[in-house]
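Biologist: Please put the sequence and the model on the screen. I will ask some questions about them, one part at a time.

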Amino acid sequence: MKPLRIALTKGRLERNTVKMFEQIGFDCTTVHEKGRKLILPIGDNEFEVVLAKAADVITYVEHGVCDLGVVGKDTIIESGGSFYEVLDLGFGICKFALAGSKGIDFYRGYASKTIATKYPNVAHSFFEGKGMDVNIIKIEGSVELAPLLGLSDAIIDIVETGATLKENGLEVIEKVCDISARLIVNTASMKLRKQEIDTLICKMEQAKEAKQI
């Protein structure tokens, strides 16, 4: 049978997932010595790791070219998709937050607000839940610039330590939701290779719990 294929979000989530795999007992030497390779065998060649950008992890899992994926909850919320979200991996922890210039009373007044963000779907859902009609502007780069330049009243972005906000005279107005890395599974793979996938999920869950003790 062909190896289970797991798409990992390149960067920090990739490194943390590899640490977890090694904790389970998989040999991940090929990933450490990957060079420019993007598809790499791990363990006793029973798994293949595919290194991809976050949004592409979802695409590969949803379309079945990868059986599983590790991706941030932020990408899941923003992109959506048809797959099973089976495990919070307990790393990559941060939050979505509404932030603005220090000292502003964001919710004061009735004028329509303008929000800058890299995550328009997250922003839309958040304000829809509050019954607020806002103008959302998508920003690709440093979203902190938008309120500083007068383009927006506030931003919705991922916040980890809050240092970048503070250095630019911004502060968190309200937390939107918590974020962490999640394990997702293709719907067909979950049926066709259930035993293998359940075994891996169980091992990853045990590794997560062991690290928290």
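**Salt bridges, pockets, cysteines and core**

Biologist: How does lysine 130 count: buried, partly exposed or exposed?

Modeller: Lysine 130 has a relative accessible area of 36%. Buried needs under 20% and exposed needs over 50%. This is a predicted model, and in it lysine 130 counts as partly exposed.

Biologist: Which residue forms a salt bridge with lysine 130?

Modeller: Side chains of opposite charge can pair when their charged atoms come close. For lysine 130, the closest N and O atoms of the salt bridge are 3.0 Å apart, and the cut-off is 4 Å. The partner of lysine 130 is glutamate 174.

Biologist: How far apart in sequence are the parts that glutamate 174 and lysine 130 tie together?

Modeller: Glutamate 174 is partly exposed, at a relative accessible area of 25%. It lies in strand 10 (residues 170-179). Lysine 130 is in the loop between helix 5 (120-129) and strand 8 (134-138), so the parts tied together are separated in sequence by 44 residues.

Biologist: Which strand holds the salt bridge partner of glutamate 48?

Modeller: Glutamate 48 meets arginine 5 in a salt bridge, 3.0 Å from N to O. Glutamate 48 lies in strand 3 (residues 47-52), and the pair ties together parts that are 43 residues apart in sequence, because arginine 5 lies in strand 1.

Biologist: What is the N to O distance in the salt bridge between lysine 73 and glutamate 85, and how many residues separate the pair?

Modeller: The side chains of lysine 73 and glutamate 85 meet at 2.9 Å, N to O. Lysine 73 is in helix 4 (residues 73-79) and glutamate 85 in strand 5 (residues 84-88). The distance is therefore inside the 4 Å cut-off. The values asked for are 2.9 Å and 12 residues.

Biologist: Which residues are linked with Lys73 in a network of salt bridges?

Modeller: The whole structure has 11 salt bridges. Some of them join up into a network that includes Lys73.

Biologist: Which elements give two or more residues to the lining of the largest pocket?

Modeller: The largest pocket holds about 310 Å³ of space. It is lined by 15 residues, and Arg12, Leu13, Asp74, Gly92 and Cys94 are the closest to its centre. The elements that give two or more residues to this lining are helix 1 (12-24) and helix 4.

Biologist: Which class has 7 residues in the lining of the largest pocket?

Modeller: The lining of the largest pocket includes 5 polar residues. Another 3 are charged. The class with 7 is nonpolar.

Biologist: Which element gives the largest share of the lining of the second largest pocket?

Modeller: About 220 Å³ of space lies in the second largest pocket. Of its 16 lining residues, those closest to the centre are Glu144, Asp157, Ile158, Val159 and Thr164. Strand 6 (94-101), strand 9 (154-159) and helix 7 (163-167) each supply at least two lining residues. The largest share, 5 residues, comes from strand 9.

Biologist: How many disulfides does a search of the whole structure find?

Modeller: A disulfide is a covalent bond between the sulfur atoms of two cysteines. The sulfur of cysteine 28 is too far for a bond, because the closest cysteine sulfur, in cysteine 66, is 16 Å away. Cysteine 177 is in no disulfide, with the nearest cysteine sulfur, that of cysteine 94, at 9.3 Å. The number of disulfides found is 0.

Biologist: Is cysteine 28 buried or exposed?

Modeller: Buried means under 20% relative accessible area. Cysteine 28 has 1% relative accessibility, so it counts as buried.

Biologist: What percentage of the residues in the chain is buried?

Modeller: The chain has 9 helices and 11 strands. It contains 213 residues, and the buried ones make up 43%.

Conventions
Residues numbered from 1 in each chain as written. Predicted model: local features only at pLDDT ≥ 70, side-chain atom pairs only at ≥ 80, totals over all residues. Heavy atoms only, no water. Helix = DSSP H or I, 4+ residues; strand = E, 2+ residues; numbered from the N terminus. Buried < 20%, exposed > 50% of the residue type's maximum accessible area, 1.4 Å probe, protein only. 1 Å grid on protein atoms, 1.4 Å probe; cavity = no way out; pocket = protein on both sides within 12 Å on 5 of 7 lines; lining within 4 Å. Points joined across faces, edges and corners; volume = space filled by probe spheres on them. Nonpolar A, V, L, I, M, F, W, Y, C, P; charged D, E, K, R; others polar. Disulfide = S-S within 2.5 Å.
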